[in-house]
Amino acid sequence: MKVYNIAVIPGDGTGPEVVVEGQKVLAAIGARHGLSFRYETYDFGGDRYLRTGETLPDSALQELRGYDAIYLGAIGHPDVKPGILEKGILLKARFALDQYVNLRPVKLYPNVETPLKDKGPDEIDFVIVRENTGGIYTGIGGATMVGTPHEIATQVMVYSRHVVERCVRYAYAFARRRARKSLLTLVHKNNVLTDVGDLWVRVHKEIGDAEFPDIRQDYNHVDACTMWMVKSPEFYDVIVTENLFGDIITDLGAMIQGGMGIAAGGNINPEGVSMFEPIGGSAPKYTGQGIINPLAAICAAGMMLDTLGEAEAALTVDQAVHAALATGRIRSMAAGRMGMSTSEVGDLVAGYAAA
Ligand code: IPM
Ligand code: MN
């Protein structure tokens, strides 16, 4: 029996409700694949911040480094000013733990409605590798003469070769392991961002030519990418892109795969501790009603297994989600319209995961 030590941050709003369902599925998977999970829960989030003024203290970061992975519900509280929890918890963890890849699969499961006409599961199945610790998110820049007519503000898209290389290399290796279309599309905006875009373009080509000759290379400008994601999503296999572009196109990706209820993300440090989350947020208005969709959190748990090296167990999660949706019993991905409660959806998936 292999034991994994997982730090759980249920967080705000509906976060705790979906995390419980993910753990339910992990228990079923564990029984089947000989894995066990030891959880330690941390109460970081809006309530703790309002109570103590603390977001994610440095002492806790040090503790988090000692786990095999972190499983996160949601961060975001209606009574806390925007930015405080996002920067203080989510971004702080990503940066401090150097989770330099944000992995976001865009996969349409059967019976899940997509807003794209005439597109189905065969057409919508790709993965976005978003660079997760650099670019505009680095926070380099500043403001002066604030509040005057002459005020100036900047925030710079900064990238070092090292940061670009490690992300691009991860994306190539991911495309190889995925063994689907063997295609890595770089998304940037090098017709305008001629310096930082050019760095990405050269690294994409150099690493591809030297280390991944088996993977085809392609390039899209980010604006064109949003167009192709809607018009011809079947075109993509793996996309690699910088941080802010990735932030934007992964929300589009979440929509075409059926919505935030089923969109999972992994903040990955391949050499360190990674953190997995449903990307939908804390959904305060649905809190405590048992109507939020836990599938995103369940899929995030699957990604966690895959990243831990438990590829077979991860595949079982994917197959269980697939099977649960194939029954047609989950009527919508939207909170309150599933035709089932949060825990009933968890039970359904866990049943297939155990079988
Ligand atoms: C995401 C979110 C975060 C981001 C916010 C909450 C800071 O939008 O995970 O995509 O911009 O990365
Ligand atoms: Mn986002």
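**Note on the fold of the predicted model**

1. The protein has 11 helices and 12 strands, taken as DSSP runs numbered from the N terminus (helices H or I, at least four residues; strands E, at least two). Its radius of gyration is 20 Å, close to the 20 Å that the globule rule gives for 355 residues, so the protein is as compact as a globular protein of that length. The radius is taken over C-alpha atoms, and the rule is 2.2 Å times the number of residues to the power 0.38.

2. This is a predicted model, in which local features need pLDDT of at least 70, side-chain atom pairs count only at pLDDT 80 or more, and totals for chains, interfaces and linings use all residues. Residues are numbered from 1 along each chain as its sequence is written.

3. Ten strands form an open sheet with mixed pairing, in the order β2-β1-β3-β12-β11-β4-β5-β10-β8-β9; two strands pair if DSSP finds at least two bridges between them. Strands β2 (35-41) and β9 (216-221) are at the edges with a single partner strand each, so one side of each lacks a neighbour in the sheet. From one strand to the next, the twist averages 25°.

4. Strands β3 (residues 69-74) and β12 (residues 274-278) are paired in the parallel sense over 3 bridges. Isoleucine 70 has methionine 275 in β12 as its bridge partner.

5. Of the 355 residues, 52% count as buried, meaning under 20% relative accessible area (1.4 Å probe, protein chains only).

Conventions. Chains are lettered from A and ligands numbered from 1 in the order in which they are written. Side-chain values use heavy atoms; hydrogens and water are left out. Axes are lines fitted to C-alpha atoms, for helices over the stretch in contact, and angles run from 0 to 180 degrees between N-to-C directions. Buried means under 20% relative accessible area, exposed over 50%, partly exposed in between (1.4 Å probe, protein chains only).
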